[in-house]
Amino acid sequence: MSTTLLCIGLTLAAYAGVRALYLRYRHPLLNVVALGAGLVIAALLALHIPYADYVPAQKIMTALLGPATVGLAVPLYRYRSLLLRAAPAILGSVALGAVLAMLSAGGIAKLGGLPQDVVVSILPKGVSIPFAVEIAQIYHGIPALAAAFVVATGTLGSLFGGWLLTLARVRDPMARGLALGTVSHGQGTATALMEGEQQGAMAGLAMILAGICTAGFAPLAVLLLGLG
Amino acid sequence: MTQTLKALGQLALLWAIYLGSTWLVGFLGLPIPGNVVGVVLLFSLLCLGVVKLEYVELAADLLLKHLVFFFVPIAVGLMEWGGVFREYGLTLALAIVLSAVLPLLAVGGLTQLLNARRRA
């Protein structure tokens with residue numbers, strides 16, 4: 001119990017600290033997820049607390065993620081007219097992105113000679129964990145590994161996504177939000193929300209659409225990559 | 001105080017929609033996560049006027065402001081998978097990085113292009 005409280009305290013402190021630093025300096029390397037989790041992992045290792053002892057704290061802290069995700073309907077509703085006007089662009093871009101993510105991840109993993117269950121587990125790495133686990137299971141992947149790839153991709157996207165888009169001169173807030181949400185799901189959406197409300201709303205929409213597209217196109221990717 | 005109570009009430013409503021959606025997905029055996037159905041459901045209820053924006057926006061905005069927090073404890077889970085990442089490190093790194101960069105630029109670039117054309 002006291003370990004759980006300690007773990008919650010550590011995580012809250014890491015979050016609050018990195019967030020304050022980010023809001024003060026706005027530097028992309030002051031990434032709340034990557035740096036925050038890095039600090040927590042370092043503290044757990046230093047205090048010899050195994051990951052298993054962190055899990056109860058993790059469960060408590062993520063209890064509100066479900067209702068928070070449902071809350072994404074609010075910014076979506078505020079931007080409903082923009083959403084309707086740009087519907088073809090949104091659908092086309094996100095579907096292309098979801099297929100490209102699966103084929104490039106699976107293709108490289110297969111060429112690199114990874115075992116088939118690992119290749120299947122990497123396919124849904126761009127979507128949120130509940131989606132990825134479901135898809136991995138359907139095609140005989142490893143759900144826990146699929147979840148790990150999702151987190152790795154999300155952390156990467158929230159760390160470098162905004163910077164990379166700026167480098168590529170993508171300035172349109174809708175385009176930035178959609179790209180972040182398609183590639184790195186909830187973490188990308190959370191990062192986009194820190195950029196602005198429109199970016200956040202579009203990222204949330206992209207996350208949902210990318211999840212549906214990935215589930216829908218997964219049979220095609222499995223077939224094309226010869227994983228069936 | 002009233003604001004806090006209001007936020008808690010709204011949170012309960014969001015939670016109820018989430019739980020209802022999760023139950024529905026399980027009941028129908030859909031291959032879709034409950035939270036995704038929850039977003040679609042709440043969006044539909046807002047569009048239909050069944051749920052007013054004022055019933056949920058206080059709690060939703062507060063949760064979304066700190067949405068990134070939830071991913072800190074989740075990302076701590078990566079410490080468990082160090083072995084797999086060491087064993088297949090280079091290939092996995094390449095696969096994860098390229099499959100993030102390509103779609104990121106494709107989606108961002110294509111949307112910006114299509115939006116510019118729509119406005120022109």
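1. In what order do the elements of chain A run from the N terminus on? They run α-α-α-α-α-α-α-α-α-α-α-α. That makes 12 helices and zero strands in chain A. The radius of gyration of chain A is 18 Å, close to the 17 Å that the globule rule gives for 228 residues, so chain A is as compact as a globular protein of that length. Note that this is a predicted model.

2. Extent of chain A. The C-alpha trace spans about 50 × 45 × 30 Å along its principal axes. Burial stands at 59% of the 228 residues. For contacts in chain A with a separation of 6 or more, 67% come from residues 24 or more positions apart.

3. Surface and charge of chain A. The accessible surface is about 8800 Å². Carbon and sulfur atoms hold 70% of that surface. Chain A carries 12 positive and 6 negative side chains. The centres of these two sets are 11 Å apart.

4. Fold of chain B. Reading from the N terminus, the elements are α-α-α-α-α-α.

5. Extent of chain B. Its C-alpha trace covers about 55 × 50 × 35 Å along the principal axes. Of its 120 residues, 40% count as buried. Take the contacts in chain B between residues at least 6 apart in sequence: 49% of them join residues at least 24 apart.

6. Surface and charge of chain B. The chain exposes about 6300 Å². Carbon and sulfur atoms supply 72% of this area. There are 7 positive and 5 negative charges in chain B, with mean positions 13 Å apart.

7. Cysteines. How many disulfides are there over all chains? The count is zero. B:Cys47 is in no disulfide. The nearest cysteine sulfur to that of B:Cys47 belongs to A:Cys213 and is 20 Å away.

8. Is A:Cys7 buried or exposed? A:Cys7 is buried, at a relative accessible area of 0%. B:Cys47 has 44% relative accessibility and counts as partly exposed.

Notes. Residues are numbered from 1 along each chain as its sequence is written. Chains are lettered from A and ligands numbered from 1 in the order in which they are written. This is a predicted model: local features need pLDDT of at least 70, side-chain atom pairs count only at pLDDT 80 or more; totals for chains, interfaces and linings use all residues. Side-chain values use heavy atoms; hydrogens and water are left out. Helices (H or I, at least four residues) and strands (E, at least two) are DSSP runs, numbered from the N terminus. The radius of gyration is taken over C-alpha atoms; the globule rule is 2.2 Å times the number of residues to the power 0.38. Buried means under 20% relative accessible area, exposed over 50%, partly exposed in between (1.4 Å probe, protein chains only). Contact means heavy atoms within 4.5 Å. Accessible areas come from the Shrake-Rupley method with a 1.4 Å probe; for residues, only the protein chains shown count as cover. Lys and Arg count as positive and Asp and Glu as negative; His and the chain ends are not counted. The place of a charge is taken as NZ of Lys, CZ of Arg, CG of Asp or CD of Glu. A disulfide is a pair of cysteine sulfur atoms within 2.5 Å.
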